[in-house]
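Please keep the sequence and the model in view.

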Amino acid sequence: PVPGTSVQDLGQSLTQEYVGAIRQTSRRLREKNDTDILRQTSVTTASGELTLAGLYALASYPQGPRPALAATAAVILPADAPGRHQNLQTFDGPLPEMLSDMLRWTERNLPTTAYYGDGNLRNAPIIPLAMVREIIANALVHRNLGPYTLGLGKSVQMRILPDRLVIESPGGVIGLSIHQLESSEHAQAA
């Protein structure tokens, strides 16, 4: 639970979308009222406070009680350029909106390559946007929300460098070796 929060902190539009989606996908929750759906899906606690997950996903401004739930992005300039970075931006709001905002920012800031298609010159980002969306979503959704990351103010950071896109998500991989990460075999691990 996040002390001092309640359903009044939830974004109305996102919450209605969420409750509607739950009603469409769960036969057991279809007839429940909004309050029961939010409690039974762990958006709220029995006492009515928001859970950390509920705050992060659906609150209109989760960064109020938990500032580290924000993310930053910047384009890192080459070492010989004047200055260190450009287009630095902080992203806030609920997780689905942060994902959309970060993807739009990345689309505007990723280098593009020109190619001919259908007889016309077209520009395309050097990294496919579907791939970028997946990487950003994973960084936001799977970030560590524990006291050693969230409690220390660590947030998701995205940087566009001249030769790559780097996204850092607070936390770590516990109980998983490099061999398991590189392997195509399924492994039961954290």
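Q: In which sense do strand S1 (residues 71-76) and S2 run?
A: Strands here are DSSP runs of E with at least two residues, and helices are runs of H or I with at least four, numbered from the N terminus. Two strands pair if DSSP finds at least two bridges between them. S1 is joined to S2 by five bridges, and the sense is antiparallel.

Q: On what kind of model do these answers rest, and how are residues numbered?
A: This is a predicted model, in which local features need pLDDT of at least 70 and side-chain atom pairs count only at pLDDT 80 or more, while totals for chains, interfaces and linings use all residues. Side-chain values use heavy atoms, with hydrogens and water left out, and residues are numbered from 1 along each chain as its sequence is written.

Q: Which residue in S2 stands opposite Ile76?
A: S1 and S2 run antiparallel. Across this pair, the residue opposite Ile76 is His85.

Q: In what order do the four strands of the open sheet lie?
A: Strands of a sheet pair through backbone hydrogen bonds, either parallel or antiparallel. S1 runs parallel to S5 over five bridges, whereas S5 and S6 are antiparallel, also over five bridges. The pairing in the sheet is mixed, and the order is S2-S1-S5-S6.

Q: Which strands form the edges of this sheet?
A: An edge strand pairs on one side only. The edge strands are S2 (85-91) and S6 (164-168).

Q: Which residue of S6 stands opposite Gln157?
A: Gln157 in S5 stands opposite Thr72. S5 is also joined to S6, by a hairpin through two residues. In S6, the residue opposite Gln157 is Glu168.

Q: At about what angle does helix H5 (residues 129-141) run to S6?
A: Contact means heavy atoms within 4.5 Å. Axes are lines fitted to C-alpha atoms, for helices over the stretch in contact, and angles run from 0 to 180 degrees between N-to-C directions. Helix H4 (residues 95-109) lies across S1, S2 and S5 (156-161), at about 170 degrees to S2. H5 lies across S1, S5 and S6, and its angle to S6 is about 20 degrees.

Q: Is Gly54 buried or exposed?
A: Gly54 belongs to helix H3 (residues 52-58). Buried means under 20% relative accessible area, exposed over 50%, and partly exposed in between (1.4 Å probe, protein chains only). Not counting residues up to four places away in sequence, Gly54 touches Leu10, Ser42, Val43 and Ala59. Because its relative accessibility is 2%, Gly54 counts as buried.

Q: How far apart are the C-alpha atoms of Gly54 and Val7?
A: Along the chain, Gly54 and Val7 are 47 residues apart. Their C-alpha atoms are separated by 9.4 Å.

Q: What is the relative accessible area of Thr149?
A: Thr149 is found in the loop between H5 and S5. Leaving aside neighbours within four places in sequence, Thr149 is in contact with Arg143, Asn144, Lys154, Pro170 and Gly171. Thr149 is buried, with a relative accessible area of 5%.

Q: What percentage of the residues of the protein chain count as buried?
A: The protein chain has six helices and six strands. Its C-alpha atoms fill a box of roughly 55 × 45 × 40 Å, taken along the principal axes. Of its 190 residues, the buried share is 33%.
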